[in-house]
Amino acid sequence: MSERNPAQGTPEKVTGSGSAPDTAAPAPDTTPPAAGAPGGVRATESGARAGAPDAVTPDTGPSGTPGDTGTDAAPAGASGPPETEATGPRPSVGGANDGTPPDAAAADLGSRPLPDGPDLGWVNPLRDPQDRRLPKIAGPSGLVIFGVTGDLSRKKLMPAVYDLANRGLLPPGFSLVGFARRDWEDEDFAQIVHDSVRDHARTEFREEVWQQLAEGMRFIPGDFDDDQAFEQLRAAVHELDKSRGTSGNYAFYLSVPPKFFPKVVRQLRKHGLAEAPAGSWRRAVIEKPFGRDLRSARELNRVVHEVFDPEQVFRIDHYLGKETVQNILALRFANQMYEPVWNRSYVDHVQITMAEDIGIGGRAGYYDGIGSARDVIQNHLLQLMALTAMEEPIAFDADSLLAEKLKVLKSVKLPRDLGEHTVRGQYAEGWQGGEKVRGYLEEDGIDPGSTTDTYAAVRLEMDSRRWAGVPFYLRTGKRLGRRVTEIAVVFQRAPHSPFDSTATEELGANAIVIRVQPDEGMTVRFGSKVPGTSMEIRDVSMDFAYGESFTESSPEAYERLILDVLLGDANLFPRHQEVEESWKILDPIEEYWDTHGRPAQYASGTWGPGEADEMLARDGRSWRRP
Ligand SMILES: NC(=O)c1ccc[n+]([C@@H]2O[C@H](COP(=O)([O-])OP(=O)(O)OC[C@H]3O[C@@H](n4cnc5c(N)ncnc54)[C@H](OP(=O)(O)O)[C@@H]3O)[C@@H](O)[C@H]2O)c1
């Protein structure tokens, strides 16, 4: 295979038949069930299906397919409508959107009318939507990855696709289309996917799973400016609809530098790829960062929403795909014992930490000028804060979660004195993992005068009855003591102690610590008497570890998120309103930093600059050592 100079023209290579698109009816699926699928059974279970026909604008694309006037107008036998678990599953019809292969769906026709529409379809009377024994399996669909040669795609996306296939969670005709500036044939692309799966997949390699997946792989060579390449992509999608039964259901994953997001979505529109043929869906998956401030985020959202409706856009914050992050909601809202103490009457403060031990590696071009606050606080940490602080949603669905998270973000109060209550730092040289490492300003590709932060700590408060007066301290940094992400809810001291002060001098504050990564789990810290004749009370901890309590290992965040995109389940994806509210919190801090001094230096391998310790000491507190 040859690496091609992007400046050269795209070679003529059409993977599809080039014939007129066949979009109305799902193509029959003649391929065998994915290896690893439980008995080849496909669940008819339906997740929340955003971005499906009711979000589709009239079809004016080059396909010539009649415009889709919305789900409820779809003819019986066409692909199913979007569904949310909150509103109750609607019958699956035709199988294009619901995980039922078309042939099985056809045999499964019942006659229950939709609650809010004409009698469109049928439901499997043997299928209980509440039944968790059958996992959700994506319906007929394909995934197009732009930027498929990139770091994220090789290390996370392609392995996650394989892991999903290996777990039997993809439909048998699932198709993966790569788009990149390489002069590759489909087989070359398959080899690249193969290598990345071998190197990075979580589950064992199984030849039969691989073979079935590889049959649905196509590669489109081209630059984002290349109209011909997008026409080839369109032809490939139609060809896959016919040969693999993907039924026109496609997710477009933009794993590309953010400056190309607008270009790619506009090309998708121009070439009719953003228009879902009647009864099918199209979705766009966008990687972070979503802008670099409020203004650019709004502009990006405007451009993306010109092409895709909000429900069709899935913004990836991979933290939300982590089991431990989803467990925050389970912990808080499925149990009774935490809620009474989860408020200002008992909580002294909350610390949310994401620490990395690595430096910027080869990502100077991306990182310099962005920095740790924009890279981590604006998205991951504010999302963790929102989940920790929010009220109980009325249901576990995307709209209810959005409503509650938004309330938290809108209630955030910045410190009056940003100089006293925020800190930014830059790692200097030091020792890490037994090795001498360079400082940020000495890294390759970094301007020696750069003021980009590699460490940031901020104190936020909320104007709400639950949290008034309780500081939330958020910190993140590179080249810190170790890689760890945790949320520590630190409680007030007991109001009165019957013990001598000497008995409790070793006693710290009670705390609940949610360990997001690594060593996923939760610790509850409290005081206990030390065995012996004297009364001495010391901190002890009770531990819950995922690895010990459950036999099944947690899926990678990207596995969960890619599956949710294919299912149309938007619960774990931040909406544009959240993104914009988060920038409203960070923008004033960044503006303050831009006009006040330089980042404080900290030695690599330590826990950040002394200024961050002083920031907490001024409040009479100290950072936890995770
Ligand atoms: N890497 C991570 O761990 C990570 C984590 C979180 C979020 N993200 C986000 O994910 C996205 C991708 O990151 P990445 O690290 O994978 O980036 P990357 O390694 O720089 O890859 C960028 C990809 O875009 C392609 N590309 C660039 N310009 C192009 C053009 N004009 N036409 C066609 N293709 C073009 C590149 O193709 P060529 O090979 O031809 O240059 C490459 O495949 C970014 O938005 C990033 O912020 C990445």
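Select valine 513: leaving out residues up to four places away in sequence, it touches Glu486, Ala488, Met522, Thr523 and Arg525. Touching here is contact, in which the C-beta atoms of two residues, placed from the backbone, lie within 7 Å. Residues are numbered from 1 along each chain as its sequence is written. The model is predicted, so local features need pLDDT of at least 70 and side-chain atom pairs count only at pLDDT 80 or more, while totals for chains, interfaces and linings use all residues.

Stay on valine 513, which lies in strand S15 (residues 511-517). Helices (H or I, at least four residues) and strands (E, at least two) are DSSP runs, numbered from the N terminus. Valine 513 counts as buried because it has 21 C-beta neighbours inside 10 Å. The cut-offs are 20 or more other C-beta atoms within 10 Å of a residue's own for buried, 12 or fewer for exposed, and partly exposed in between, with C-beta atoms placed from the backbone.

Next, select helix H7 (residues 294-307). Its 14 residues reach 20 Å from the first C-alpha to the last, close to the 20 Å expected at 1.5 Å a residue; the expected span is 1.5 Å times one less than the number of residues. Colour Ala297, Leu300, Asn301, Val304 and Val307, the buried residues of H7. Seen down the axis of H7, they fall within an arc of 120°, so they line one face of the helix. The arc is that of the directions from the helix axis to the C-beta atoms. On the face turned away are the exposed residues Arg295, Glu299, Arg302 and Glu306. Show helix H6 (261-270), strand S5 (282-286), strand S6 (313-315) and helix H15 (576-595), which are among what covers the buried residues of H7.

Move to helix H4 (residues 207-215), where Val209, Trp210, Gln212 and Leu213 are buried. Down the axis of H4, these buried residues fall within an arc of 165°, so they line one face. The face turned away carries the exposed residues Glu207, Glu208 and Gln211. The cover over the buried residues of H4 includes H2 and helix H3 (186-200).

End at the ligand. Helix H2 (residues 151-166) gives the most to the shell around the ligand, with three residues. Of the 19 residues around the ligand, Gly147, Gly150, Leu152, Arg181 and Glu287 come nearest; a residue is near if its C-beta atom, placed from the backbone, lies within 6 Å.
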